[in-house]
Every structure is written in structure tokens, then in C-alpha cells.
Amino acid sequence: MIGQPFIQAVPVLKLIENAGYEAYFVGGSVRDHILGREISDVDIATSALPEELKRIFPKTNDVGIEHGTILVHYKGEHYEITTFRSEENYTDYRRPDKVSFIRSLNEDLQRRDFTMNAMAMDKKGNILDPFAGKEAINKKEIVTVGNPDERFGEDALRMLRAVRFQSQLSFSIGTQTLESLTSLCHLLENIAVERKTVEFEKLLKGPARREAVQLLANTGMIQYLPGLKGQRAEVIRFSRHLKQDFQLAESWVLLVYELGLKDKEIEGFLREWKLPVQKIKRIKQIHLLLLHRLKNDWNPELVYNAGLEDAISAEMVFASLQNIVGSTEKIKELHERLPIKHRKELNVTGNDVMGWLDKQPGPWLRGLLEEIERSVIYGIVPNEKEKIKEWLNASNLRSGKN
Ligand code: ATP
Ligand code: MG
């Protein structure tokens with residue numbers, strides 16, 4: 001039985017074959033199909049050259065034509081189709097100096113990273129498996145196609161991919177492949193940070209994330225990851241508190257916490273990983289909430305200022321650090337009971353207050369508005385303009401803080 005994404009793409013393979021070329025499903029989709037995992041998109045490899053594909057399909061985009069990949073639009077779907085290719089001479093440990101288009105499937109499979117990723121499937125669902133990828137999958141093992149020293153020497157990113165797949169699939173890494181990881185991890189120096197970040201974040205989302213992080217530490221790979229050099233003990237501690245249900249932001253918060261970074265240092269660390277500014281902001285905010293939480297319990301004002309989502313995230317990390325089962329009930333309840341969830345819901349403006357008190361704007365206004373906001377949050381005064389005015393008249397707050 002082949003799944004829906006394949007069935008839908010079978011006519012694409014047929015069209016290529018009818019034009020006299022070979023075409024197969026390849027890569028991650030075939031691996032995931034054998035594993036019984038859900039398949040998102042299928043990759044197709046073919047003996048047809050990009051120009052030949054363009055003659056078959058009227059609608060295409062040159063997404064990566066220099067590596068032989070084009071995007072084919074067909075019946076409302078699009079497919080990445082790559083011409084069989086071989087790669088030669090990796091002098092910089094990351095990109096081949098030259099890719100050559102070839103007509104042989106086997107040679108194309110041979111350039112792929114791991115045996116589980118080096119299988120092909122034809123339109124009928126027959127698996128072509130020249131490097132025993134199926135066997136590796138049965139043994140739950142990640143093994144390079146050919147000599148691991150050579151393969152990691154060609155492209156050092158494959159080392160991080162190995163650990164990322166370990167995390168995603170809960171596989172182990174073959175003995176020889178593991179030895180190479182340890183002896184060649186310095187080659188990661190040649191890999192762009194952005195690509196490391198992509199793999200690291202995928203790794204942090206996988207079910208075997210703990211083991212994978214420990215592997216990064218134990219092989220020495222962390223020496224070549226931003227800001228983790230010499231931090232083995234901290235990274236191991238991080239792995240121990242890393243929970244299965246953590247979202248990515250929570251994992252980053254835990255990491256910066258275990259590294260003992262101060263608020264200012266966090267910015268620099270996350271910038272080294274080239275995370276987007278918005279994401280950095282959120283991680284810093286949750287980290288601050290975590291520090292607060294380590295000293296105090298939640299109260300309405302804290303939940304209000306944090307927002308429900310970030311408060312829950314901070315609580316998740318807190319619970320893990322305390323080795324307790326996280327409970328977000330209390331936060332949800334506090335949030336539920338808040339008379340207003342956001343400043344913009346406050347039924348009074350600076351203009352109202354200035355009018356009532358007949359005073360010019362000044363620093364006093366902000367302080368007073370905050371006091372009103374706090375009183376509304378705690379239910380001391382209802383969130384109604386008239387009530388707030390009466391309350392202000394009756395209280396000694398009206399003199400304002402000058
Ligand atoms: P994912 O499920 O994350 O997409 P994938 O195996 O499909 O995993 P891709 O990065 O989409 O990974 O690559 C598709 C295929 O291309 C891989 O299965 C593998 O055969 C090959 N490949 C990708 N990156 C490399 C690499 N650095 N070296 C060798 N082969 C690679
Ligand atoms: Mg893929």
C-alpha cells in the first residue's frame with residue numbers, strides 16, 4: 001500500500017516515463033513510507049535533464065536548477081524533481097565543486113547521506129535498495145552510504161543530520177558512523193550557522209531529543225556549535241531537563257538558563273545562532289518569567305503582564321527544573337479570572353483622566369494609569385469608566401504622583 005501523496009504523484013512519474021526517461025520517488029519520503037510515518041512531500045528523481053523536464057511539463061520554476069532541481073506544477077500540486085546527479089571533489093567540506101548530471105539511479109543513490117535515505121520507489125511501489133537501507137531501518141540504525149569518514153569529509157553537515165535523524169526517529173547511530181562523528185566533528189567549523197540552526201532545532205523537536213543532545217555533548221560536536229564550546233556539563237544538565245512536550249521556545253529558554261546566561265548575554269548567544277529578533281524577544285521574556293517564578297508564585301498581575309502563552313511556557317520550564325509535573329491549571333484559572341486580559345481593554349484613557357483632574361500631561365499620568373490598571377486587574381474597581389472616575393475621586397490617588 002502506498003500512501004496518498006505518492007498516489008497523487010504517480011501520473012507525474014508516468015508522464016516522465018512516457019517521454020522515455022526513468023523517474024522514482026526518493027529520499028525522505030521513501031524512508032518515511034517504510035517506517036510507516038506520515039509523508040508530507042514526495043521528492044522525485046529522474047534521468048531526464050531539467051530542459052527535458054521542461055518539455056514535458058509546461059509549468060515549472062527553476063528553484064535549484066544549478067543542482068538539477070526544478071519545481072513542476074501539475075494539477076494544482078507542485079513537485080520538486082531532481083535530475084540524477086553525482087557530486088565530486090568537496091574541497092570545502094560542504095559543497096561539491098562540481099555536480100554532474102547522470103543517467104544512472106544507482107549512482108544518484110550513492111551520493112546520498114545515509115542508507116535509509118538512499119532508497120528509491122517506482123510508480124508501482126517496488127523499492128530499489130542497493131545499500132541495504134531497509135535492513136538499517138529494521139535495525140533502527142543510521143549508517144552512512146559507504147565510508148563515514150569520507151562521507152562526513154565531503155559534507156560535514158551530514159554529521160548534524162545524523163544526530164537530528166537520531167532524535168526524530170529514535171534510531172541509534174552505527175558504530176563506525178559514530179566513531180567518525182567523534183573524530184571528525186571539527187569539520188563542522190566549515191558549516192554555516194544557519195544550517196546548523198536548522199538541524200539543531202529539528203533535533204530539539206524530536207522524540208529522542210535528550211539522547212541526541214547528549215550525543216552532541218559526548219561526541220564533542222558542541223565544541224563547534226555557537227556558544228556551546230566548553231559547556232559540556234551545562235549541556236548535559238540541559239538534556240536532563242529537556243522534556244518531551246517542550247515547545248522550541250521552551251527548550252531555548254532552558255538552554256540559556258542552564259548556561260547561566262544573564263539577560264544581556266542571552267541576546268548575544270541567540271544572535272550567534274541567528275535566530276529572528278521576534279523569537280529572541282520571546283525567549284528573553286519567558287526566561288525573565290522563569291527567573292521570577294523561581295522566586296515567587298504566580299499572581300494575577302504577573303499572569304496579566306506575561307500573557308497566558310508565555311506564562312505557561314515559563315511554568316513548563318520551571319516544573320522541569322524542579323522535577324515536578326507541570327501544572328498550568330493555576331495559571332489558566334488566574335488568567336480566566338482577570339477582568340481585562342490586555343491594556344487596550346481598559347475602559348479609561350489618559351485623556352479621560354486628564355479631563356477629570358484638569359491637569360496637563362506629565363509623568364504622573366502614566367503612573368496613575370498603571371495604578372488604575374492594577375486596581376482593575378485585582379478587581380478593586382470594575383472596568384467601567386464611571387466607576388473608575390468615582391473611585392478615583394474617592395481615593396487619595398487623584399492628587400497624582402508628581
Ligand atoms: P526530512 O524529512 O527532514 O525532509 P529528508 O531525508 O527528506 O528529511 P532532505 O533534506 O529533504 O531530508 O533531503 C532529501 C534527500 O536528499 C535525503 O533523504 C538524502 O537522500 C539527500 N540529502 C539531503 N541532504 C544531503 C546531504 N547533505 N548529503 C547527502 N545527501 C543528502
Ligand atoms: Mg525532505
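1. Let's begin with R161, which sits in helix α7, spanning residues 157–169; helices here are DSSP runs of H or I with at least four residues, numbered from the N terminus. Please keep in mind that this is a predicted model, in which local features need pLDDT of at least 70, side-chain atom pairs count only at pLDDT 80 or more, and totals for chains, interfaces and linings use all residues. Residues are numbered from 1 along each chain as its sequence is written, chains are lettered from A and ligands numbered from 1 in the order in which they are written, and side-chain values use heavy atoms, with hydrogens and water left out.

2. How exposed is R161? R161 counts as partly exposed because its relative accessibility is 23%; buried means under 20% relative accessible area, exposed over 50%, and partly exposed in between, with a 1.4 Å probe and protein chains only. Leaving aside residues up to four places away in sequence, R161 touches D113, F114, N117 and E199, where contact means heavy atoms within 4.5 Å.

3. An unreviewed UniProt entry lists G28, R31, R112, D155, R158, R161 and R164 under "binding site". The lining of the largest pocket takes in G28, R31, R112, D155, R158, R161 and R164 from this set. A pocket is an open set of points on a 1 Å grid over the protein atoms alone, where a 1.4 Å probe fits, with protein on both sides within 12 Å along at least five of seven lines; lining residues have an atom within 4 Å of a point. UniProt annotations may be inferred rather than shown by experiment.

4. G28 belongs to helix α2, residues 28–35, while D155 lies in the loop between α6 (148–154) and α7. D155 counts as buried because its relative accessibility is 11%.

5. Now to ligand 1, which is surrounded by 14 residues, the closest being R31, N117, D155, R158 and R164; the cut-off is a heavy atom within 4 Å. One nitrogen atom of the ligand is 2.7 Å from an N or O atom in the R158 side chain, and a nitrogen atom is 3.1 Å from a polar backbone atom of D113. An oxygen atom of ligand 1 has a polar side-chain atom of R164 at 2.7 Å.

Terms used:
Helix = DSSP H or I, 4+ residues; strand = E, 2+ residues; numbered from the N terminus. Polar contact = N/O pair within 3.5 Å; in protein donor to acceptor, adjacent residues only side chain to side chain.
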